[in-house]
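Hello,

Here is the structure I promised to hand over. My notes follow below it.

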Amino acid sequence: MASEMDSYLGLAQSKVKPRSVVDAFSNRTATIKKRPARPPAAYTTNSRPISTSSIVIDTAAQLRYLQEQHQLLLEKYKSLQDSYTALQEEHGKVKAENERLQCANDELQETYNNVTGKNFNAGRLLVYLKLKRRTDKETLEKRNIIKNEACFNTYLQDVVMVEHPRIPKVMHECITTLETNEKFMRSPGLYRVSGDHNTIQNLRYDINANNYKRLRKQKSPHEVCGILKLFLRELKDPLISLEACSKYLPDVVDMKINTQAKVKQLLHSLDEVRQNTLKVLIKHLRRRWFVCFDFIDFLLLKMLFWLVVFLFIGVLLLAIDSKLEKYTRLPGPKRYPLIGNVVSFLGAGPVEIFDQLIAFGASYGKVYKLDFFYDYTIVFSSPEAAEDVLLSYRLSRKSEDYDKVAEWIGDGLLISRGYKHMLRRKAIAHCFNNMPYFVPAFNRHADALCDKLALLVDRSISRYDRSIDIFPELKLHTLGVLCETAMGLEMDGDESVMQRQARYTQIVEELSSILYWRMFNVFVNINALFRMTWT
């Protein structure tokens with residue numbers, strides 16, 4: 001490159017290599033080839049003057065050359081920097097690998113110091129360094145490096161046994177734990193539901209160490225059954241081998257012919273331990289089946305009992321509906337299944353009940369029906385409709401709601417029925433036949449009532465009251481008239497008598513409220529539930 005540039009600039013080639021690019025241009029004497037000296041001339045002639053700077057250097061070309069060299073140097077610097085970074089990363093990896101190998105060397109050195117020289121095996125070092133494959137399990141078993149467990153994953157003759165009968169101890173403990181707890185035996189899916197895997201593995205280690213304490217303290221039967229299933233599944237020689245089955249039951253066709261005798265031959269061909277183990281296991285499974293069968297029978301009987309009860313209730317309701325079909329033509333409010341029209345009177349007092357009955361009368365006519373738990377009530381909301389009922393001896397029987405006041409007023413004229421009611425009615429009939437005889441008493445009590453009402457009006461005017469409650473005075477007036485006309489007892493004048501009358505009317509009002517409450521409340525309508533209340 002330098003030689004080409006020198007030839008391009010018209011410079012002579014120097015035998016001395018310049019130390020830098022600058023020296024190549026600054027040291028002209030080292031790069032310009034001088035002409036050899038001429039011998040002196042014999043005569044003097046007129047010659048042209050020779051210029052000392054015969055070679056001209058282009059400054060733009062020099063600048064362009066320097067820029068190209070600078071760019072090349074930058075690219076080379078960047079390449080060297082990338083190489084340095086890659087070398088640093090490689091150095092870090094090599095350092096980490098060196099530390100790992102150093103740790104492995106320290107561990108191996110410590111292991112080597114703990115064992116004798118005879119036990120040292122170079123193959124272990126290779127396995128540790130992952131330079132050699134591990135030996136498979138079968139080879140280790142053949143070398144007796146991996147031995148069979150004491151109970152699981154072993155042969156039946158190597159398992160710890162119990163005597164009388166001679167069976168594996170693990171099976172005896174599992175069956176005893178299950179059968180001593182009735183709750184375990186009735187557990188649904190006893191051998192179907194899987195137990196907790198971690199618990200089963202911990203029990204496995206304990207049983208291999210001949211420790212059954214944790215097995216006996218299990219609160220769930222599924223882990224105990226899991227241990228029994230694990231033991232039978234991991235036996236290297238099963239209770240009934242495939243060779244024995246193929247010998248006595250070679251195919252399906254032969255199995256269908258004289259099957260019971262062949263199965264007996266197969267069982268008799270087994271040794272004593274296998275026969276005892278099968279007997280104990282089958283007896284346990286039969287006991288489990290009987291317990292489960294009894295439990296299922298109990299559940300079926302319980303379900304059958306409730307089914308009969310519901311069917312009886314349904315048939316009874318249908319019979320009541322068919323009996324009450326004669327009331328279907330009567331109008332009335334919408335009834336709900338079973339409860340009827342109870343919803344319309346929930347939480348209502350005596351005043352609200354009468355308002356609701358009046359509203360029903362305006363909507364459904366003078367005669368309509370109400371249903372309270374299939375107990376139909378026919379309501380007459382007009383005097384004309386009630387007259388036919390009151391004048392009929394056949395319909396003179398009071399409803400069962402009046403029986404709720406029997407403990408208070410007894411079985412008298414109000415609630416008596418049949419012949420007894422007729423005698424009571426005849427005994428009081430003369431009072432209604434001799435009405436003119438009682439007119440003076442009516443007038444006297446009416447005058448007294450008017451005086452009381454005038455006094456109440458004067459008091460209300462002085463107190464600026466807009467309303468007067470005359471109902472207490474009307475109750476006292478009615479009681480006084482009945483006592484004098486029907487019973488021949490005058491109640492006028494005495495203050496103590498008036499107080500007793502007021503007390504009596506107050507008690508009657510309270511008992512009437514209780515009666516209405518029981519008539520329109522579902523729960524207290526039943527005598528047994530009403531007696532449990534504070535009322």
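E173 lies in helix α7, residues 169-179. Its relative accessibility is 11%, and because the cut-off for buried is under 20%, E173 counts as buried. Please keep in mind that this is a predicted model.

Next, a pair of helices. The axes of α9 (residues 197-208) and α11 (residues 221-233) come within 10 Å and cross at roughly 60°. That angle makes α9 oblique to α11. The crossing of α9 past α11 is right-handed. On the α9 side, the residues that meet α11 are T199, I200, L203, R204 and I207. On the α11 side, they are E223, G226, I227 and L230. The residues of this contact between α9 and α11 divide into five nonpolar, two polar and two charged.

A loop residue comes next. C151 is placed in the loop between α6 (137-142) and β1 (161-162). With a relative accessible area of 4%, C151 is buried. Leaving aside neighbours within four places in sequence, C151 is in contact with V159, V170, I207, N208 and F231. Among them, I207 is also one of the α9 residues that meet α11. C151 and L235 are 84 residues apart in sequence, while their C-alpha atoms are 9.0 Å apart in space.

Then the strands. β3 (residues 367-372) and β4 (residues 375-380) pair in the antiparallel sense, over six bridges. One of the residues involved is K369, whose bridge partner in β4 is I378. Five of the six residues of β3 are buried, so this strand is largely enclosed by the rest of the structure. As background, side chains in a regular strand alternate between the two faces of the sheet.

I514 is in helix α22, which covers residues 495-519. Is I514 buried or partly exposed? The relative accessible area of I514 is 25%, so I514 is partly exposed. I514 and V524 are ten residues apart along the chain, and their C-alpha atoms are separated by 9.9 Å.

Regards

Conventions. Residues numbered from 1 in each chain as written. Predicted model: local features only at pLDDT ≥ 70, side-chain atom pairs only at ≥ 80, totals over all residues. Heavy atoms only, no water. Axes fitted to C-alpha atoms, helices over the stretch in contact; angles between N-to-C directions. Helix = DSSP H or I, 4+ residues; strand = E, 2+ residues; numbered from the N terminus. Parallel < 35°, antiparallel > 145°, perpendicular 65-115°, else oblique. Left-handed = near helix turned anticlockwise from the far one by under 90°. Contact = heavy atoms within 4.5 Å. Nonpolar A, V, L, I, M, F, W, Y, C, P; charged D, E, K, R; others polar. Buried < 20%, exposed > 50% of the residue type's maximum accessible area, 1.4 Å probe, protein only. Pairing = 2+ DSSP bridges.
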